[in-house]
Amino acid sequence: MDLVAGAVGSIVTKLGELLHREYKLQMGLPEQIEYLKNELESAHTALCKVGATPPEQQDPQVRLWAREVREASYEMEDILDAFLVDVVEGAAPPENKNALLQRLKKMTAKLLKKSKARHDIAGAIADMKKRLQEVWDRRDRYSIPVAVAALGTKLDPRLVNMHKEAAQIIGIERTRAELIAMLQSSTHGHGDAGASSSNNRTKIVSVVGAGGLGKTTLAKVVYDELSPGYDCRAFVSVGRNPDLVQVFTSIFLLLDEKKYKAIRDVKDLQLLIGELRKFLENKRYFIVIDDVWDINSWQAIGSALHRNNNGSRVVKTTRNLEVACSDEVYKLGPLSHDNSKKLFYMRLYGGEDKCPAHHPEEASQKILDKCAGVPLAIITMASLLVGKSREDWFEVCSSPGFYRGRENKQVDDTMWILSLSYYDLPSHLKTCLLYLSVYPEDYEIEKDSLIWKWVAEGFIEKKTGTSLFQRGEEYFHQLINRNMIQGVESEEEGIIHCCHVHDMVLDLIRGLAGEENFITISNEDGGTSSRHKVRRIAHQNRILLDQSHPDSHRDMTQLRSLVALGCDICGLVLHPSFKLLRVLALERCTSSDNFEYDRHGLEHLGNLVHLRYLGLRGTKVRELPEAIGALKLLETLDLEDIGGYGMQVQLPSSVSLLTRLVCIRCDEYTKVPDGLLQKVTSLEELQICVDMLSFESKRQFLKELGNQSLLRVLRVIGIGRLDESVQAELLKSLGNLQELQHLDLHVIRFLESTPASTEWHKAVLSEQLRHLLIQGIMFPCVPSFIDPTLLPNLCYLDLCVDHMDEAGCGS
């Protein structure tokens, strides 16, 4: 499924499933299905061409036709899904066939109540043909030839290195030195004593400039260089519509973890302001407040930053000169021509000295003029041109900018370049990128959970020999390579585990997603910006109202995705009308009435039979209903950090019935039932705590791990002391996990370590392994399997070793 083609591609697959499985279809129906399938395949090809064409180059009739096909495709898919779930996934035992038929008739009649003739799948197929034919009759058959370049599936090292070494690559040396000098200088020059006294006063410097100039990059470089010399430090982003309570919580988290734990449940803004003022009173602090849009937000934050005489420093970045009033101001301008050229060639070829002889210099000059010294524009344009022909270069540089009406020409041209790059993406990447508009500005998006959402939505195209997650990872890397998202590396492993979306890219994709009714962002008053049928809704940092009584302008009956981030979910009810929901993600949410939410919030969970993704990450839930076992299509169950504060959540035993699960994430606050892995054998990612299991149950669990041959990520928490026999069971299982890339074995409490079994020296671990952490098992020396010839991809290692010398180090 994708934005440009709606659910057309998905329907083609499901129609093929109807044809090839034994469903005892009515006479003549297979021929009708085959006809419909062929027509939709042709439509899919045409829609992909339309989606690759900028709007100003499209005939209005073509755009209208494309929208009608997409809208029809969603309704068709809902009908097919309802049939397949009821007949295949929810098949009743033989003795209840009559009951199943009655239930199917009732379900079909309800779905297709507009026509008395639609009582079964034959009626549904006939209706699909009729609906599609009506759309076909209203359009002219246009052909828009658009060539879409193939994208690399791995991270481009030029882009990775460029972001790593930003200070050396984007000509930031001068601006870095000037900002540091401004921060370190005294405000008043009244002799040495006066200068010294003045220099100890808290100083605030505002970095001001248009979007895309690199304000955040400059602030981060200066922060990394200066912050180690201060008592405490923090770097936080605010954004356009900030949750100030969350901003203050983030500041405390970075300044002092102990203080953060004391205030993390405080929701009163004035109380947080007072607590921060008291905390900073006697501290020498360095704080960066990034991306401040309005004066009110800054006044609230600024009032908490205690002006002391300890030499504290504050940097804030903003586009709004009014936000910088009364501060010292550093105005950030565009890059010089030489530095623009340097950055452009670095992204294209890895350096100016590596520029090939056939490089189109004339086109390059025109393109750099269009980029106007804006780093975001330069990197995005260069990323677009990687691997393109000379003809493509000249076509790009001669193309008029089409994104107008912004704050100034510099921003207009940057938005034009971002739009150009977006329309050059293949259709499936467009869809995955637009889905990122569900996240708030400056949100750190965790890579793996994002990809599992893409999988659940059906955005990932299958590829022989590659799992859907791995294919999604390729998409993620392609978006980074095109500079549409910015990767964030983990400090431990040096691998990209999260991403950010630049606010200008977010502006672009939110506009496109809203225009095509792809994502609906709810407003503060509980309404939405859409009067269409809502298929995906995102709530961000607000109090949720009861969704069981939709507004008159909002039709939620076809809702496929519900994402709530940082919300108060006390009013959220999973109403039975949400029966088509595929993704339910409640992340970092709270409830002003936990007890009431636990009683009613998830009570209809078992009705969401189409659900593929259930994520409650960081959302405190006291219990999960036993009815979760009815979610037969569930693929991802993310329960990380749902407990805490002395509370543990029992995972219902019915979870073991969810045989399609490919990802389970729990932690030490979640109690898992015995026998969880007996029927669940298709896992690719497993994070689980076994601390509460009995010794025999733990042994059985470690034995059953060996059946999970597809596992790529394994984190087992609370393994405790393991005797020789249990370690042998563990090693036998690990030997079967030849796809494993990430292995963590943790204890919870710091107990006396278990001596390593001699069996470890016979261990055979996956050659794919990149990350290995074993806690609680003491090795006498570095084990023999830690060998670059056996583990060629290993880049992170954490073991407890009793003794190391040249012999013990082995290789």
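Residues are numbered from 1 along each chain as its sequence is written, and side-chain values use heavy atoms, with hydrogens and water left out. Since this is a predicted model, local features need pLDDT of at least 70 and side-chain atom pairs count only at pLDDT 80 or more, while totals for chains, interfaces and linings use all residues.

**View 1. The protein chain as a whole.** You're looking at 27 helices and 23 strands (DSSP runs, H or I of at least four residues for helices, E of at least two for strands, numbered from the N terminus). Of the 811 residues, 54% count as buried (under 20% relative accessible area, 1.4 Å probe, protein chains only). Accessible surface comes to about 35300 Å², and carbon and sulfur atoms own 50% of that (Shrake-Rupley method, 1.4 Å probe).

**View 2. Helix 20 meets helix 22.** The axes of helix 20 (residues 427-435) and helix 22 (residues 468-481) come within 10 Å and cross at roughly 85° (axes are lines fitted to C-alpha atoms over the stretch in contact, with angles from 0 to 180 degrees between N-to-C directions). That makes helix 20 roughly perpendicular to helix 22 (65 to 115 degrees). Helix 20 brings His-428, Leu-429, Cys-432 and Leu-433 to the contact, and helix 22 brings Tyr-475, Gln-478 and Leu-479 (contact means heavy atoms within 4.5 Å).

View 3. Asp-503 sits in helix 23 (residues 503-515). Is Asp-503 buried or exposed? Asp-503 is buried, at a relative accessible area of 9%. Setting aside neighbours within four places in sequence, Asp-503 is in contact with Arg-240, Asp-291, Trp-293, Arg-319 and Glu-441.

Terms used:
Angles under 35 degrees count as roughly parallel, over 145 as roughly antiparallel, 65 to 115 as roughly perpendicular and the rest as oblique. Buried means under 20% relative accessible area, exposed over 50%, partly exposed in between (1.4 Å probe, protein chains only).
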